[in-house]
Each structure stands twice: as structure tokens, then as C-alpha cells.
Amino acid sequence: MAPGVLEKPAEEQQRGDSHMTNAADDSCVDRLTLLRSMPEPPVECQVCVVGAGPAGLMLACNLGRFGVKVEVVDDRADQTPVGRQVHTTASADGLQPKTIETFRQMRLADPLLQRGVRVYDIAFWRSTTDEPLHRLGREIHYPPIIDVLDPYILLVHQGMVESLFIEDLKKRGVEVRRNTAFDSYSVCDGNNGPLQVNCLTNVTQDRKTILTQYLVGCDGAHSKVRKSIPDAKPIGLSQPSLWGVLDGELDTDFPDIWSKTLVYSQEFGSILIIPRERNMTRFYIELKSSTKGDRNMLGQDFVMQRAREIMAPFSVKWKYIEWFGRYQIGQRVANRFQDPHTRAFLAGDASHTHSPKAAQGMNTSMHDAWNIGWKLNFAARGLAKPALLESYEQERRKIALDLVNFDYEHANQIAGGDAVALAENFKTNVRFISGIGAEYGENAINMVEPQSWVMGDAKPGCLLPPAKVTRYLDSNPVDVQLDIPMLGQFRIYLLMWDVHQSRIFLDGFCAALNSPESLINQLSAAANISYAKQPRLPAPEDIYLRPERYTAVSHLFTFGLITTMPKSEIEVTDLPALFQDSRWTFYLDDIPELDTRGQLCTNKWLGSLGPGEVAIVNVRPDGYVGSIGRWDSSVDDAGEEAAKWLDTYYDRFLQVPPSPAMN
């Protein structure tokens, strides 16, 4: 476990608000009125994102798609370029399988897959005073036990990822405010009024004010937003070891340059080799303690020479160096990810830092944003109970702690050069490294039933496993977990063997959902009004993607039906009206031979399902399973009970807003 990164006692985590400015109601109204009457009135939005790195842009991209009014501020003049000069920190560049899946669900994966380098294996090399440098062995990076569509690391430059998001935002009319540095924020009106975010712009340091419902700091390890949140501070330690980083095109006779490779020299230290896009290679080079004194002496020439010494007797020359940097390993996690009022949040490096060698930084940061984005959408629309936003810290801080503790062991074993121990550590943590092992505990949005319903791989708090099914309407084989685009909605899948046999269940279920007393019905009506007033922002691609197919019934829920029946035995007209309107999410579970494990979707998700049983799998907008239930369709009122169960689940964290208008 990383020293210093421990849970604090409850009394140390009690939230205060000593640093927030709480004015009297009348003075707050006066101040807002004055701000709005100035020659340059404040910018007003629902979410202000500070920082336009991968985390901030992922968040803004999703909020923009959902139709939330978002402002992104960044103190840099431009985005991260693909080619860079000397810096002191390493950028993140490796996308793990779960992150690739996330980009697939956003329909943004193709440019990255075309330009990136795929790494499928790891090689281990070692030299000692008695043995010359030799290969110890190879390992598959993601063996078949890891159930993913993309069993590799995709190496793409951070600048490429940022460009993808920026272009997506521009299509929807959202621009990053450059040369705009966050300075401070305050809140008034008993926490009901807007947050006032104070920024400094351009070299003249002109003041700019943004009024927002929510603030998210994605502004890096030295986050000013974090410093503005009461008692929020990073906890952890830096290690004494120093590492150099070189990106460039190599001329070498080393045979494993296109694999992820660890090279250990007992005399000179370790190198981690990562193949890169555009024929480049990244070297992480350990700078052993034999060189003492000023760090400035450890320049590019020194690091290049150290790399040659570690790699000897192989020849290592550079055709060019695109980037050189140095960094010191540190593992830190903020003691809180949100303010006492759940109005200001931290994501990415603002909330956790670690070494780059496990290729987790950009992945974890973007999934912080992936987690909070849909929750902020519902909060901004008045559809969220407090428990929904509170779940962000519960879920993502756990992942950050898991990450830094893994990273501490991983970084030490790379430095130690023990290939056996490193391989064992990697095997132990491979699910977590891939992203699919980032699992959340029971909370308001992850409901674990007291009965033993969960027998398959689909479990509350875990990602929905990949599965292949046939889309009924056009007979296309699809990945069911990706087929419905990410529009910020929940997915409710009903699974059954025989639709005709379960027709009484389905009729009762649909009738109960259509009842005025149904919470699902009430929430859907409120969401439909909200999206009519403030719709999702369109993009030119929508004419091909047709998002309206998935919101025909509700803007809050997309219903899917999965059955093992042959297509010849059922028509869409055999379904209740709700599922006829959801015809694009009617699936046949009939192509196990195309699955990653050769299984039916029903069996993979549920373990088994009886001939008369119906199962419901609730899937959160971020692809995590929220709850699973089963019913015997032959039991009277089973459909009505299933509808009540849905109401019970969603009542834990959603509400019908007091007014249909957007907050």
C-alpha cells in the first residue's frame, strides 16, 4: 500500500465551510443584480469546468451532448500539441480496453484506432554483473480471462485525444475559453444561489466572472479549485527516485522495440519501453542515485547516455527527439473530491496523482469525468436527489485509492527489475489495469438484492460485460453493451427465453409503467419536458446515428428486450406498445459463436435463466450495472411487481422536480 494514502478517521473528514463566502440573502441578490448590470455582465452556465485536459474535455463533451450549458476555462493559450519541447512532467498516452470501449460508446473511437499503436504483449529483459542483457520471457498483456473487446493498450498522444474532444465540442457550438485562469469561487443565498467563479484573463489579468450551478476542477496536480474547497488537500508521499522520459524515433537493433518491454540493468537501472504512434518510441529511464547533485545536470544528453548503458550491448540511436522530460514518482489522493454542499468537485489529477508507467493516468481521469457528467446532467435538470451527486466521491475516491496502492507496488517492482514479481503483480491486478476491474461498492445507485439473484457476470457496481446479439430490425450482429449510444439515459434490459410465454408479464409490466402513479412514468414526463425546453446539442453525424431511435419512449430511459427466440417466430407487432416503440433495441440472443467467450448474452449476464423467468438489468448511463431482478412470469401480478421494483430502485436517487423548467 502506498504510504500516506490511507482513509482518514471520520472526524477528520467532517465537512466545514469556513472558506466559502456565505452572505445574507439580500446582499447576495444585490450582488448578483449588480454583476448582471455591469457593462460586461458575467457569463452564466450550469456547469463550469476548469481545465481543458482529457478529464475536463471529456466532461465538457458529455455535458454538451446532454444539452447542459457548460463553460470550459483553461489558463493555456492552446491545447496540448502533438509535438512538444522539453517539459518536466510526462503526459498520458495509453488507452486501456475500458477506455477504448468508452470512446466506442461515444462514437469517437475510429480516429484513435486508425492512428494509435496497439500493444498486445510485454517482454522482460535483464542484465547483471555475471550475465549480459538477455530476454527472460514474454507475457500476453490481456489474456482471454479478461473479457474485453479490445485486448490491448492503444498508444495515442494526449494531444490527439484533446483534439477529438475539442472538435466534438465545436460541432455543438461549445468553445474552450483560453488564457482564462481560475482564481476563486464563492457561494451565497444559503447555498441556493449560483456559484460565483472569478477568473483572470489574458496577460492583462482582466477579471471575468462566471455564474454557475456547479464547478468541476480538472486543473491538474496543483489544482487551484482544490485549494479553494474547504479542507481539501492531497494526501500521500513522493518517492526519492527520479525518472527521465524520452520520446523520439529510434535507430536500434534491439528486437523488442515494438512490444511493451521492461529492461533491467543491475548496474545502471531500468528502462520501460513503450511503442508510440508515428514510428516513435517512449523510454522511461530510471536515474539511479549514483548521480547526486543538481537535477539540472540530469539533462537530455545524460538521460540518452544512461539509456545506451542500460541497453548495451544493443545499439541505441535517435533519429530525432520530440520530447524530453523528468519526473519524480508520487502517489497522492485528495481527502475529498467535492465540497460540503456538493456544488464543487475535483476530477483527474486535481484529485489523484501517480506514476505514468502503469498507463492509467488519462484513463482514470477521463472516467472520473465519465462518472460525474451524467450525474451533473440530472442535477442541473432538477431530476437528481442529493444521493446521486454524493455517489461521485464514494465511487471515484475508492478507485483512486485502489490505483495509487497498485501503482506504488508496480513502480517499485519496475525499479527493482524483478520480472517474476512484476509479472505476478500484473496478473493479480490485470482486471483493474484494463479498466473492467474498477468496481463500485453498494450505494444509492448500486442496489444489491438480499436474494442471490446475481449468478452471472453482470453485477451491481460492475461494468456490463460485452455480449453479441442480433438486432431484430435489420439482423445486424451488434455488441449489445455499445449499440445504444450514450445520450445520458438509463438502459433497462428485459431478458426472457420466450416473449409469447411471457406476454402476460409484459402486459402487466407496461400497464403499471403507464400508470399515473408510476415513478418511471412521472420521471419520464418530467425529463421529456426538460429536454423539450433544453434539448441535447445536435451534431452533423446525428443524421446517420439517429439518436431519436433511442428516446422514442423516454428521454430518461431506453428499454431493450433480449430473447432467445428465432426471428421467424415473432414479429414486432407481437410486442406491447412500449417495446414496439423501442424496436431498435429489440435483440435476438442467437450468436454465441461471435461472443468473446462463446456464450449467449443471457447466460453470460445472468448465469442462467429459467424457461418462465424474466430478468431486468438496469444499466447506468456510464455503462455500470445498477441493479438486477428476476421474476417468474407465471406468477400473478409479476409484471406489476417488476414495475414497482423499478420505481423502488430509481426512487433512491431520482426525483420529479418541483417545476418542469430547468433549474
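pLDDT is the predictor's confidence in each residue, from 0 to 100. This structure is a predicted model, in which local features need pLDDT of at least 70, side-chain atom pairs count only at pLDDT 80 or more, and totals for chains, interfaces and linings use all residues. Residues are numbered from 1 along each chain as its sequence is written, and side-chain values use heavy atoms, with hydrogens and water left out.

The chain has an average pLDDT of 88, and 87% of its residues score at least 70. Residues 3–24 fall below 50, yet beyond near neighbours in sequence this stretch has 51 contacts in the model, a contact being heavy atoms within 4.5 Å. Residues 83–90 also stay under 50; the model gives them 25 contacts beyond four places in sequence.

Helices (H or I, at least four residues) and strands (E, at least two) are DSSP runs, numbered from the N terminus. Helix 3 covers residues 97–105, and eight of its nine residues are buried, so this helix is largely enclosed by the rest of the structure. Buried means under 20% relative accessible area, with a 1.4 Å probe and protein chains only. The buried residues are P97, K98, T99, I100, E101, T102, F103 and Q105. After helix 3 comes R107, with a positive phi near 60°.

Strand 24 (residues 613–619) runs antiparallel to strand 25, and seven bridges join them. E613 has D632 in strand 25 as its bridge partner.

Terms used: Two strands pair if DSSP finds at least two bridges between them. Buried means under 20% relative accessible area, exposed over 50%, partly exposed in between (1.4 Å probe, protein chains only).
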